[in-house]
Amino acid sequence: MATTYNLKPWALAATLVAAATTQSALAEDAHSYAKLQEVATPHLELDLTVDFAAKQLRGTATYDLARHGDATEVHMDTRELTISKAEIWQDNAWQETQFTLAEPHETLGQELTISIGEESDKVRIHYHTAPTASGLQWLTPEQTKSGKFPFMFSQSQPIHARSWIPIQDTPALRLTYDATLRTPAGMLAVMSADNQLDTELDGDYSFSMPQPIPPYLIAIAAGELVVKEISDNVAVFAEPYIIDDAAWEWADTPAMITATEEMYGPYRWDRYDLLVLPPSFPFGGMENPRLSFITPTVVSGDRTLINLIAHELAHSWSGNLVTNASWRDLWLNEGFTSYVENRIMEALFGERRAQMELALGYQDLLENMERLAPKDTVLNIDLGTRHPDDVFSQVPYVKGQLFLVYLENKFGRETFDNFLRQYFDDFAFQSISTAEFKEYLARHLLAKNPGVVSMDKVNEWIHQPGLPADAPQPTSNAFAEVEKQMQRWLKGGQLKTEDWTTHEWLHFINNLPLDISSVNMRRLDEQFNLTQSKNAEIAHAWLKLSIVKDYEPARDRLRNYLLTIGRNKLVSPLYRELAKRPDNLKWAREIYQQAKPGYHPLTQTVNEALLYPQQ
Ligand code: BES
Ligand code: ZN
């Protein structure tokens with residue numbers, strides 16, 4: 001396998017970035033005030049102090065300017081930022097320049113417009129963040145496991161980078177960055193960049209990200225972090241309490257990288273490290289380049305949840321290398337990634353496991369689609385200026401994945417793999433829209449294999465709600481076996497679960513009849529200890545059922561679960577279920593108020609909408 005380590009393709013890509021940016025800027029992004037076709041910002045230099053007492057990042061953002069016309073202003077995105085000064089580099093010195101901050105827009109934040117004159121090719125912004133920045137979470141020492149140091153981290157996707165950096169916050173832009181960070185001594189700061197494994201903990205850290213990335217992939221975290229290497233190019237960063245468990249859990253990561261390279265071409269980001277976040281991290285994982293951010297809730301002790309690592313790793317091809325040009329095109333990131341994730345799982349662990357995961361995803365999708373407005377089940381979704389976070393669902397993930405499974409089935413695996421590999425190569429380090437993808441698909445797959453799939457069919461997948469009638473309907477033999485056992489068990493028989501992994505348990509719990517008796521609930525719990533399951537996914541499925549069934553013995557665990565976990569996918573279905581009954585809603589609001597100080601801003605927003613709906 002030829003690798004590109006010596007060629008450094010990003011060096012070439014960086015020189016092309018201005019051209020690439022102009023091209024993809026043609027795709028409109030309704031979620032950014034940037035005008036890339038006038039002036040773009042292909043390189044950022046950050047200089048920031050991490051101030052835990054003030055819950056504030058403070059310092060400067062300096063940009064290279066790429067001018068594509070004679071505009072004398074650059075437009076950027078901000079949210080709750082305080083800007084004290086803007087300067088441009090002119091006549092070999094920094095000169096103060098005028099800027100304006102527009103009125104806040106509820107979803108988009110505030111447009112920042114800076115005068116840049118006619119010649120200058122650098123702008124510098126002095127600013128600080130708000131303690132309530134939507135893209136940051138600040139934890140006190142008491143909110144961490146050891147209690148010794150505070151912790152902070154970012155979550156920039158989709159439009160939260162603007163809450164901690166004044167930036168052209170559109171994925172149509174690609175930029176490289178360097179950063180200098182100052183933290184209290186004794187803590188480690190890491191970024192989505194070239195993290196060193198043997199950094200001295202002196203509170204002074206510097207980073208470089210030489211490959212051009214979209215703004216939503218700029219990431220930062222700081223806390224009591226230690227490192228453990230899994231292989232030459234993979235290491236785990238984590239708080240000490242979980243470092244050994246996480247390194248054990250994810251031991252297969254190097255093999256996953258190799259398998260993906262064999263299918264889709266070289267891993268182009270140098271190292272691939274993993275960072276364990278506190279349990280309040282609002283997602284399962286986030287594909288920050290070179291350093292995926294991962295929830296501790298997948299460190300289950302049995303390696304059954306590592307499809308999440310496969311997923312974040314897969315983004316190194318789909319998402320980070322070839323990037324959605326706007327949030328309407330999110331399915332190009334998440335659908336492709338879910339597809340690649342499942343292929344990695346199949347390559348490492350075989351078809352049976354991959355098929356179970358696909359079937360679980362399909363069930364989630366069907367459940368999701370029941371409560372979504374039809375127009376929000378379209379892949380190339382019409383967001384308007386709605387916040388992408390408010391429309392988050394399994395549609396771009398699983399419907400997108402099923403579309404690719406459909407294409408694979410139609411064209412055959414070999415043809416489709418070759419197509420995908422070429423796609424990653426042709427669009428490497430570029431941002432593309434759904435329209436550009438369709439054009440590429442038409443030319444490189446449909447036209448070369450005439451009569452297999454029509455453009456009408458492609459349009460139905462991409463632009464129509466729901467699923468096409470001939471969409472794949474993934475099932476699993478393993479699950480059919482689980483269902484047979486369930487029927488026997490419901491009639492009083494015994495369950496044989498010795499070989500069950502998380503997957504079978506999830507399928508079992510999610511498909512128990514809703515009229516299951518409380519005697520049977522108790523019987524299950526006594527035998528398998530589900531209320532106390534250490535597996536956060538199994539516990540989640542069981543607790544959700546326990547709310548529906550009013551199963552009292554699970555209440556204490558439910559309280560504890562909601563108070564200690566902030567991963568939104570595990571938390572919000574529970575609040576949603578609780579909100580359905582007035583007595584449960586009252587209880588849920590009490591728990592929520594107690595849990596709120598420990599929740600991430602995203603988890604707060606989503607769950608407040610469930611518990612305190614606007615009439
Ligand atoms: N990039 C996403 C998370 C994301 C998507 C954040 C859109 C904000 C907006 C990440 O890769 C992801 O999909 N995480 C999933 C993993 C799962 C599908 C295996 C998660 O967090 O649950
Ligand atoms: Zn993803």
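1. Which residue in β17 is the bridge partner of phenylalanine 237? Leucine 275 is the one to click on. Keep in mind as you look that this is a predicted model.

2. Strand β16 (residues 235-238) and strand β17 (residues 273-276) run parallel and are joined by 2 bridges. In general, strands of a sheet pair through backbone hydrogen bonds, in either a parallel or an antiparallel way.

3. Now zoom out a bit. The open sheet is made of 5 strands, in the order β15-β16-β17-β19-β18, with mixed pairing. β15 (226-229) and β18 are the edge strands with a single partner each, so each of them has one side without a neighbour in the sheet.

4. Next, find helix α4. It lies across β17, β18 and β19 (291-294), and its direction makes an angle of about 140° with β19.

5. Follow α4 and you also reach the ligand. Both β18 (285-286) and α4 (307-314) supply at least two residues of the shell around ligand 1, and α4 gives the most, with 3 residues. By class, that shell has 6 nonpolar, 6 polar and 4 charged residues.

6. Who comes nearest to ligand 1? Of the 16 residues around it, the answer is Gln157, Gly284, Glu287, Glu312 and Tyr397. Glutamine 157 has a polar side-chain atom 2.7 Å from a nitrogen atom of the ligand. For glutamate 312, a polar side-chain atom is 2.7 Å from an oxygen atom of ligand 1. Glycine 284 uses its backbone instead: an N or O atom there lies 2.5 Å from a ligand oxygen atom. On its own, ligand 1 has 530 Å² of accessible area, and the protein covers 92% of that.

How values were computed:
Residues are numbered from 1 along each chain as its sequence is written. Chains are lettered from A and ligands numbered from 1 in the order in which they are written. This is a predicted model: local features need pLDDT of at least 70, side-chain atom pairs count only at pLDDT 80 or more; totals for chains, interfaces and linings use all residues. Side-chain values use heavy atoms; hydrogens and water are left out. A residue is near a molecule or strand if one of its heavy atoms lies within 4 Å of it. A polar contact is a pair of N or O atoms within 3.5 Å; within protein, one must be able to donate a hydrogen and the other to accept it, and residues adjacent in sequence count only if both atoms are side-chain atoms. Accessible areas come from the Shrake-Rupley method with a 1.4 Å probe; for residues, only the protein chains shown count as cover. Helices (H or I, at least four residues) and strands (E, at least two) are DSSP runs, numbered from the N terminus. Ala, Val, Leu, Ile, Met, Phe, Trp, Tyr, Cys and Pro count as nonpolar, Asp, Glu, Lys and Arg as charged, and the others, Gly among them, as polar. Two strands pair if DSSP finds at least two bridges between them. Contact means heavy atoms within 4.5 Å. Axes are lines fitted to C-alpha atoms, for helices over the stretch in contact, and angles run from 0 to 180 degrees between N-to-C directions.
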